[in-house]
Amino acid sequence: MPQHPSEGTKRERPSAAVARAARALAAAGVEAARAEAELLAAYLLGVPRGRLALADGFTPEQLDRFDALVARRADREPLQHLTGSAAFRHLELAVGPGVFVPRPETELLAGWGVEQGRRWPAPLVVDLCSGSGAIALSVAQELPAARVVAVEGSPAALSWLRRNAASRAAAGDRPVGVVAADVTAPDLLADLAGRVDVLLCNPPYVPAGAVVPPEVDRHDPADAVFGGADGLAVIRPVIARAAVLLRPGGVLGVEHDDTHGTAVPGLLAADGRYEAIADHPDLAGRPRFATASRRADGQHAGPGPAWQTASS
Ligand SMILES: C[S@@+](CC[C@H](N)C(=O)[O-])C[C@H]1O[C@@H](n2cnc3c(N)ncnc32)[C@H](O)[C@@H]1O
């Protein structure tokens, strides 16, 4: 009986290969080196990370492929580009060159949006700067009655967004509407003016010139990361436009740089059309996203409106 090429060959135990890879990644400056080595090994062996210890060892061919992936990760290619997917809340999203890799801290903004959406039986939810669709598709999955619209401007990101949206719709989620548009356009989503219940946005917000890790610098699109000289170039017009799109009592959540925990609530207060302005920390305790409610009367609030730091 013919032998499979891997039969009879010596297999390297996952634990040995992972330990070697973790050392290489740590030496290259990868922070969670051990965890990432395990994730790469699990991906290559086609098992969940928690089952790695029980998996068959690497065949020589698998070991070559593993070593090649570890070398690319040591060269600071994002893990998610190597595996082709990013975990976000309850989803696995397809990602790769041309689209921003969704971050764990943004799960908090998406979760806030889901909770807010529960206030309406069938909310209209808009996700501006949608990228891979992380926020929009999470809301669609977790709030089946919601009508969700995702807006993105980059053609490369739009193709990842459409691919993820199609795959979630095929999995049974309510389809998300995808709109190709510049979110800073003054007539953005004109047909939805005064009708949006929840508006969420994770815009590019890093101030130009800030030093970012190699994964971000070389692999996230610059347009997805940098928000002009002060990092607020997209946030300012989004705050203004959201006040037009939201219905009275509708809510806005916008992620921001951790240096903008005062500036973004300040912009919301200065606009005058928002109330209940709050800022929320991420899991590391850094200021991460601001929220506000569209005032019912649309009047300016007057000088000195207070805003507060929320606990989540
Ligand atoms: C920080 S990424 C966020 C992506 C996704 N929402 C997430 O949380 O992973 C910002 C996204 O905004 C898009 N973008 C930047 N400027 C834009 C603009 N003026 N109009 C529309 N999209 C824009 C970028 O292409 C990128 O996909």
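## Basis

Residues are numbered from 1 along each chain as its sequence is written. The model is predicted: local features need pLDDT of at least 70, side-chain atom pairs count only at pLDDT 80 or more, and totals for chains, interfaces and linings use all residues.

## Overall make-up

The protein has 11 helices and 10 strands. Both are DSSP runs numbered from the N terminus: helices are H or I with at least four residues, strands are E with at least two. The C-alpha trace spans about 80 × 40 × 35 Å along its principal axes.

Of the 312 residues, 41% are buried. Buried means that 20 or more other C-beta atoms lie within 10 Å of the residue's own; exposed means 12 or fewer, and partly exposed lies in between, with C-beta atoms placed from the backbone. Two residues are in contact if their C-beta atoms, placed from the backbone, lie within 7 Å. Among contacts with a separation of 6 or more, 66% join residues 24 or more positions apart.

## Helix α3

Helix α3 covers residues 60–74. Its 15 residues reach 21 Å from first C-alpha to last, close to the 21 Å expected at 1.5 Å a residue. That expected span is 1.5 Å times one less than the number of residues. Just after α3, R76 takes a positive phi of about 75 degrees.

The buried residues of α3 are Q62, F66, L69, V70 and R73. Seen down the helix axis, they fall within an arc of 100 degrees, so they line one face of α3. The arc is that of the directions from the axis to the C-beta atoms. The face turned away carries the exposed residues P60, E61, D64 and A68. Cover for the buried residues includes α1 (14–27), α2 (33–45) and α4 (79–83).

## Strands β4 and β5

Strand β4 (residues 147–152) pairs with strand β5 (residues 177–180) in the parallel sense, over 4 bridges. Pairing requires at least two DSSP bridges. A150 has V178 in β5 as its bridge partner.

## Nonpolar cores

A nonpolar core is a set of buried Ala, Val, Leu, Ile, Met, Phe, Trp, Tyr and Cys residues joined through C-beta atoms within 7 Å. The largest has 64 residues. V126 is one of those with the most contacts inside it. A second, separate core of 16 residues includes A21, L39, F58 and V70.
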